[in-house]
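Could you look over this structure with me?

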Amino acid sequence: MSANVPPFAVISGGQVQQALQGREKQIMEVVEATYRLHGAGDSVNPPSYFLRFPDRPADRIIALPASIGGQVRVDGLKWISSFPGNVAAGIPRASAVLILNDHDTGYPFACLESSIISATRTAASAALAADRLSRGRARPTRVGFFGVGLIARYIHTFLTGTDWSFDDIGVFDLSTEHAAGFRGYLEQTGLPGRITVHRSAEDLIRSSDLVVFATVAGEPHVNDVSWFDHNPLVLHVSLRDLAPEIVLASTNIVDDVEHCLKANTSPHLAEQLTGNRDFLDGTLDDVMAGRVTVPADRPVVFSPFGLGVLDLAVGKYVYDEVTRSGELHVVDDFFHELRRYG
Ligand SMILES: NC(=O)c1ccc[n+]([C@@H]2O[C@H](COP(=O)([O-])OP(=O)(O)OC[C@H]3O[C@@H](n4cnc5c(N)ncnc54)[C@H](O)[C@@H]3O)[C@@H](O)[C@H]2O)c1
């Protein structure tokens with residue numbers, strides 16, 4: 001039996017980066033296929049588990065177990081920390097690993113650095129939603145980034161890597177330093193588009209027809225429904241920025257209904273306010289399959305809770321790429337004593 005135990009590999013952030021860099025279109029296809037599998041029920045994606053600490057209320061570590069069928073056929077777990085205080089200390093807020101488990105034996109066969117995989121799948125999902133949700137309306141040419149940390153950069157990379165170009169790029173962040181840093185990043189890409197750092201949230205939203213929220217806000221801070229009178233497409237990646245009244249005045253698309261209506265996300269607050277889910281129009285898979293049509297005369301809000309199946313699918317893509325390149329670092333004898341029965 002021991003011959004069937006897969007070797008255990010460790011894949012570093014550098015290897016992950018190399019496997020994913022410049023592959024925006026392929027990764028978006030992986031994410032799209034995964035949403036379809038998930039929509040068809042060929043996945044298991046239980047609720048995320050939030051480990052919190054009474055003495056450190058700002059910090060958390062989230063476990064996202066998942067299983068994916070189809071041709072990918074892999075199980076696993078993402079284990080991702082958010083320690084906001086890290087930023088002041090000069091290191092990134094989030095850190096993560098992804099464990100892949102073998103479908104047949106259950107054995108873990110890889111541990112991957114996963115902050116890059118997580119940011120990548122989040123950005124690929126946002127770019128996919130931007131494309132699919134704007135098909136029934138004029139394609140946005142003015143993008144506004146609300147909160148410009150790591151995720152905003154990845155989303156910009158994925159949008160431009162999947163053929164989006166913009167006449168205007170707006171930037172708003174509570175930190176002037178972060179806003180200036182993001183402007184510098186945009187300038188250094190050399191891509192066309194007039195860059196404006198806005199002084200107010202209202203200015204940014206009113207002057208954007210594609211708005212990307214990627215803040216770390218824990219509760220709504222955008223409350224005025226009239227700021228959305230021009231019916232923008234909103235990628236609400238940080239999930240807790242919008243007052244429930246704005247959610248209720250919009251078409252709402254999520255990645256997974258049960259996941260998204262939890263943990264005080266803005267859609268969860270809207271459910272608590274109204275006592276029902278009538279404001280939800282469907283999932284991105286519903287839109288891709290043509291079961292839901294997105295009207296052009298209302299704001300559209302995409303709220304992706306972030307599914308563990310996406311991490312698994314992108315992680316398996318990385319594993320296969322690293323294996324193909326011959327650079328897989330296997331830890332010999334990771335599993336000790338494989339003959340325990342006789
Ligand atoms: N839905 C998903 O699948 C998913 C996946 C990954 C990350 N996220 C979320 O994306 C968000 C961004 O992550 P990140 O790694 O880029 O964080 P980050 O800390 O690198 O950047 C966040 C930025 O938002 C700014 N900000 C915070 N509050 C603000 C406010 N009220 N108004 C304007 N700017 C504000 C901060 O100054 C910072 O520049 C987090 O909330 C994270 O949980 C969601």
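Predicted model: local features only at pLDDT ≥ 70, side-chain atom pairs only at ≥ 80, totals over all residues.

1. Residues are numbered from 1 along each chain as its sequence is written.

2. Start with the ligand, which 26 residues surround, the closest being Gly147, Gly149, Ile151, Thr215 and Gly306. A residue is near a molecule if its C-beta atom, placed from the backbone, lies within 6 Å of it. Two elements, α3 (115-133) and α4 (150-161), each give two or more residues to this shell, and α4 gives the most, with three. Helices (H or I, at least four residues) and strands (E, at least two) are DSSP runs, numbered from the N terminus.

3. Next, follow the strands; two of them pair if DSSP finds at least two bridges between them. Strand β1 (residues 8-11) runs parallel to β7 (residues 108-113), joined by three bridges, and Val10 stands opposite Cys111 in β7.

4. On β7 you will also find strand β6 (residues 94-102), paired in the antiparallel sense over five bridges. Val97 has Glu113 in β7 as its bridge partner. Five residues lie between β6 and β7 in this hairpin, and Gly106 in the turn has a positive phi of about 80°.

5. Finally, visit α11: 13 of its 17 residues are buried, that is, with 20 or more other C-beta atoms within 10 Å of their own, C-beta atoms being placed from the backbone. Gly326, which follows α11, has a positive phi near 75°.

Conventions: Buried ≥ 20, exposed ≤ 12 C-beta atoms within 10 Å, placed from the backbone.
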